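Please look over the model below before reading on.

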Amino acid sequence: MRRGAPLDVLIVGAGFAGLYMLHKARRRGLSALALEAAAGVGGTWYFNRYPGARVDIQSMEYSFGFDEALQQDWRWTERYAAQPELRAYAEHVADRFGLRDGIRLGTRVAGAAWEEARRRWTVRAEGGETWEARFLVMASGPLSSPNTPVFPGLEGFDGPVYHTARWPEEAVDFGGRRVGLIGTGSSGVQAITAIAPQCAELTVFQRTPAWAVPAHNGPLDPAFEARIKADYAGFRARNRQMQGGFGSELPPNPVSALEAGAAEREAKFEERWRTGGFSFLGAFRDILLDERANALAAEFVRGKIRSIVRDPETARRLQPRYAIGCKRLCVDTGYYATYNRPNVGLVDVAESPIERITGKGLVAGGREYAFDALVLATGFDAMTGTLTRLDLRGRGGRAMRDKWAAGPLNYLGLLIEGFPNLFNVAGPGSTSAFTNVMVAIEHHVDWIADCIAFLDRAGKRTIEATEAAEAAWVEHVLAVAKRTVYLTCNSWYLGANIPGKPRVFMPLFGFPAYAAKCAEVAARGYEGCALA
Ligand code: NA7
């Protein structure tokens, strides 16, 4: 069944990117519809409702800046908002801007195909319903396809299995139960800390230890809130000048860790540890750029782990050996101290990998561990998984999964050769995962809306990246990464968390230079693109 007249813009997803794209398109007088698989808006904050789920960027920054009244009216309760509050914020935005009638919930997109003759996308939902649109905006999120590793025997486990990224709506009662938990990334770190006090026994299966720094979360300081709200626009503008699009209140220290004396270094690390959050990585300007500088920061945090965790063997296992910040830094609330609880155990599955799941638990290193419920905090097929899992077909029926078989070719992260009039929000090739994603989303949506306006003004019907521009861009993203420590470990930034996934570094480091480049491309009439 085909639905009504063709749309100007079909949006996949009603998380923060989809909500703002819908609002922006309507404001520009375009007809738009957002299709959302979930039963509610909020995207990642709809699905990731595991115990302890919380944002790792401060609430005053992790929010929309496009509307002054919205940012003045909304009150965050905590320094780092928890998932229910973030979801409530998404609901508020949907209501406040009258977006509900432009969102189809419970509608999972199965595929989309470009029709060259009519220069339109036909988008198909599971269930068969279709829509036509001039432009297709993938607002489907860089972290939206959960990764469930192939563990032999998983279906035969007697108890419930929960994935952090698909947590059930109804409360899960771990009272009196033995819980096994696999994965110690951001989700695992938060879930472990929250579940340990609720359950009888928690066994954590760790393949790679996490680097975690304290959030020092708490009620939002009203004086801080008032100060920011007195000039919210200025605060947002200052943050857009930061490499990660956030953190202007405490910018990176311009000194090199290698030049500072030992006492100065220790004092600066301690100061940033006490402040908490990502600001720790800015204790010196070269922590993410130079492995020797990084090693100094890493040793400081290893010292903290040794001082917090009482059992020396557990402390040893918890101390990472790769560069701090190379995988996304975890921002925690008592993570390492959780291992001092008598009901929490840590099993190193790097040394003795998980062999299989049994009815009663799992076997690793030839030993069986028993539990009643299993939590998978095993992450996502990040950045590309959502697009390659769809039946997404561009010019000549070419599938996205084929186009990206050796890695996600793209231009500016926004455009893909062979897929005309398709825009990807916060995907590979853009600063998405390295920024406050709200900044990345607003930047992308504004750029897309301006691009569509340009095409309409110029009487052009299609835009797509050229192959040459794509090749140069992918090379640029890698060249930037080579100037950092990000290539020194196995992370989802590299696709290294998914067996068989091509190892291509996907996010771009440095928001201000990226935003300037996108603006320059637009100012030059969309240089690097073919317009027709
Ligand atoms: P992450 O950061 O990808 O973490 C997933 C964790 O699961 C990580 O510790 C993995 O170990 C572990 N994992 C994955 N597969 C396995 C297998 N087969 N065996 C054992 N352990 C495994 O996902 P998160 O959901 O925590 O966070 C994703 C992002 O969301 C985060 O970066 C923030 O931006 C928000 P590994 O490190 O691969 O050895």
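**Notes on the helix pair and the ligand site**

1. H1 and H14 cross in a right-handed sense, that is, the near helix is turned clockwise from the far one by less than a right angle. The model is predicted: local features need pLDDT of at least 70, side-chain atom pairs count only at pLDDT 80 or more, and totals for chains, interfaces and linings use all residues. Residues are numbered from 1 along each chain as its sequence is written, and side-chain values use heavy atoms, with hydrogens and water left out.

2. Helix H1 spans residues 16-27 and helix H14 residues 437-458; the angle between them is about 30° and their axes are 10 Å apart. Axes are lines fitted to C-alpha atoms over the stretch in contact, and angles run from 0 to 180 degrees between N-to-C directions.

3. On the H1 side, the contact (heavy atoms within 4.5 Å) includes Phe 16, Tyr 20 and Lys 24, and on the H14 side Ile 441, Glu 442 and Asp 446 are among the residues involved. By class, this contact has nine nonpolar, no polar and three charged residues.

4. The ligand is surrounded by 18 residues, each with a heavy atom within 4 Å of it. The closest are Ser 187, Arg 207, Thr 208, Lys 327 and Arg 328.

5. Oxygen atoms of the ligand lie 2.6 Å from a polar side-chain atom of Lys 327 and 3.0 Å from one of Trp 492. The protein covers 85% of the 780 Å² of accessible area that the ligand has on its own (Shrake-Rupley method, 1.4 Å probe).

Note on methods:
A polar contact is a pair of N or O atoms within 3.5 Å; within protein, one must be able to donate a hydrogen and the other to accept it, and residues adjacent in sequence count only if both atoms are side-chain atoms. Helices (H or I, at least four residues) and strands (E, at least two) are DSSP runs, numbered from the N terminus. Ala, Val, Leu, Ile, Met, Phe, Trp, Tyr, Cys and Pro count as nonpolar, Asp, Glu, Lys and Arg as charged, and the others, Gly among them, as polar.
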